[in-house]
Amino acid sequence: MYQLDQPPAHVGSAVVHRQPIVHPDRSVFGYAVRASVMAPDGSVEPEQRVEHLVEAQYRILDPDLLAGDKLLILRATTRVMMGGYDLPPAGGGVVVEIPGHMTSGDDAVEQVIALKHMGYGLALGDYTGLPAHDELLTIVDYVKIDVAAQLDRLDDLVAHVHKCGAHVIAERADSRDRIHAALSAGADLLQGPMFERHRSDSGRQLSAGEVQCFELVRLLSAEYPDQDAVVHVVESDPELTMRVLHLVNSSASGVRRRIDSVRQAVVLVGPRQLNALAMASLVDARTAAVGPLWSVLTRALTCSRLAGTDSGYVVGMLSAVASHLKLSIDSIIERSGVSEAIADALRDQTGPLGPVLAAVLAHEENDTAAVVAAGYEPIEVAHVHLAAIPEALATATALATAAA
């Protein structure tokens, strides 16, 4: 039986991280949530010492807002292993991740089977091929393998898991080399940031529709946007016109009469929603696949709230879209015509908005040390990011519906 350690007196709140789990084509399969606590020296506290803080976060998590209609994977604590303590109800797409260090207990197998009988999906984390891990391979549905830590053994580990009938989630698939290694080894799913942090792609020609979207962003980024020019850009693109009119006439907008004028629709929708509409067109968001747009808007809202300005929104939005579209940052800057402050933040995270973007990117990568290096408290960034998720989901869903 696992013993419950006494919590240390010096630690604070848990930092909650949420990362997408995606198919090889980058469509979203689910979301993994994990909470960690930093010690005063900047290191991460051992999980066993801060479980009470993790459980406090689990009590207030809303699976629907964190994962939408996708699976939600939550990492187990000792009390969770002993009976589903503080987890959302089973049957709602919740998967319990069993940490590798919890597989060596005398009753680990019985505890895992009990969770399965309660209706939870099961994932084995930190898989390294230990005998205690292998005992669970025929019970769990998914197995997580850290690509960075197990790169030399990845092919053998993946093959062994598949032989036992479980699916492989390649964790820390956060670079092109690691993604390639994971897919080459046969991993079924990838976990990491939705968008790669560093890209060097260039030379791809933008379509006419993409040019129009970036032109709209350029106009809206001005201190005093030219309303006539904004209306002209929207009217000249059938896709944007359709999305704007659909959005303003949807039941969620609260408009009492039907709006048929693009000019009126532009005024009613407002600059921020117009920016989001342009991004929805760029990422080709549809109701069946809102994941990328959801991630774009979550980053944009988080940057905006941390910076306290709409410029932060544009920085977050464009940085995510550049990665999603596999475009170089310089081409994004050129096409959108943004200010030097935004350009500096996008290029190398410098200038007044650079630390904001650096902190949000680091949070998405579960890199708390880099958040601190950017000048922010990890708990602050985590709270702002979590608060942005439901608003981003609502917006992404509305915009994707407008494209249906």
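Author: Let us begin with the largest cavity of this predicted model, whose lining consists of Arg18, Gln19, Pro20, Pro193, Met194, Phe195, Ser295, Thr298, Glu364 and His385. About 130 Å³ of space lies in this cavity, and its lining divides by class into four nonpolar, four polar and two charged residues.

Reader: Which elements supply at least two residues each to that lining, and which one gives the largest share?

Author: Strand S1 and helix H13 (291-307) each supply at least two, and the largest share, three residues, comes from S1.

Reader: What makes the space a cavity rather than a pocket?

Author: The term cavity is kept for points where a 1.4 Å probe fits but cannot get out, whereas a pocket is an open set.

Reader: How much space lies in the largest pocket, and what is known of its lining?

Author: The largest pocket holds about 800 Å³ of space, and of the 41 residues that line it, His17, Arg34, Glu171, Arg172 and Asn366 are the closest to its centre. By class the lining comprises 14 nonpolar, eleven polar and 16 charged residues, and its largest share, five residues, comes from S2.

Reader: Why is Ala149 called exposed?

Author: Ala149, which is found in the loop between S6 and helix H6 (154-163), has a relative accessible area of 51%; the term exposed requires a value over 50%, and therefore Ala149 is exposed.

Reader: What makes a set of residues a nonpolar core, and which members of the largest one touch the most others?

Author: The members must be buried residues of the listed nonpolar kinds, joined through side-chain atoms within 4.5 Å. In the largest core, which has 129 residues, Val96, Val143, Ile145 and Phe214 touch the most other members, and the largest share of this core, ten residues, comes from helix H19 (residues 378-403). A second, separate core has nine residues, including Ile73, Ala123, Tyr142 and Ile169.

Reader: What is Phe214 in contact with, once its neighbours within four places in sequence are left aside?

Author: Among its contacts are Leu206, Leu282, Leu318 and Val321, as well as Arg335 and Ser336.

Note on methods:
Residues are numbered from 1 along each chain as its sequence is written. This is a predicted model: local features need pLDDT of at least 70, side-chain atom pairs count only at pLDDT 80 or more; totals for chains, interfaces and linings use all residues. Side-chain values use heavy atoms; hydrogens and water are left out. On a 1 Å grid over the protein atoms alone, a cavity is a set of points where a 1.4 Å probe fits but cannot get out, and a pocket is an open set with protein on both sides within 12 Å along at least five of seven lines; lining residues have an atom within 4 Å of a point. Grid points are joined across faces, edges and corners, and a volume is the space filled by probe spheres set on the points. Helices (H or I, at least four residues) and strands (E, at least two) are DSSP runs, numbered from the N terminus. Ala, Val, Leu, Ile, Met, Phe, Trp, Tyr, Cys and Pro count as nonpolar, Asp, Glu, Lys and Arg as charged, and the others, Gly among them, as polar. Buried means under 20% relative accessible area, exposed over 50%, partly exposed in between (1.4 Å probe, protein chains only). Contact means heavy atoms within 4.5 Å.
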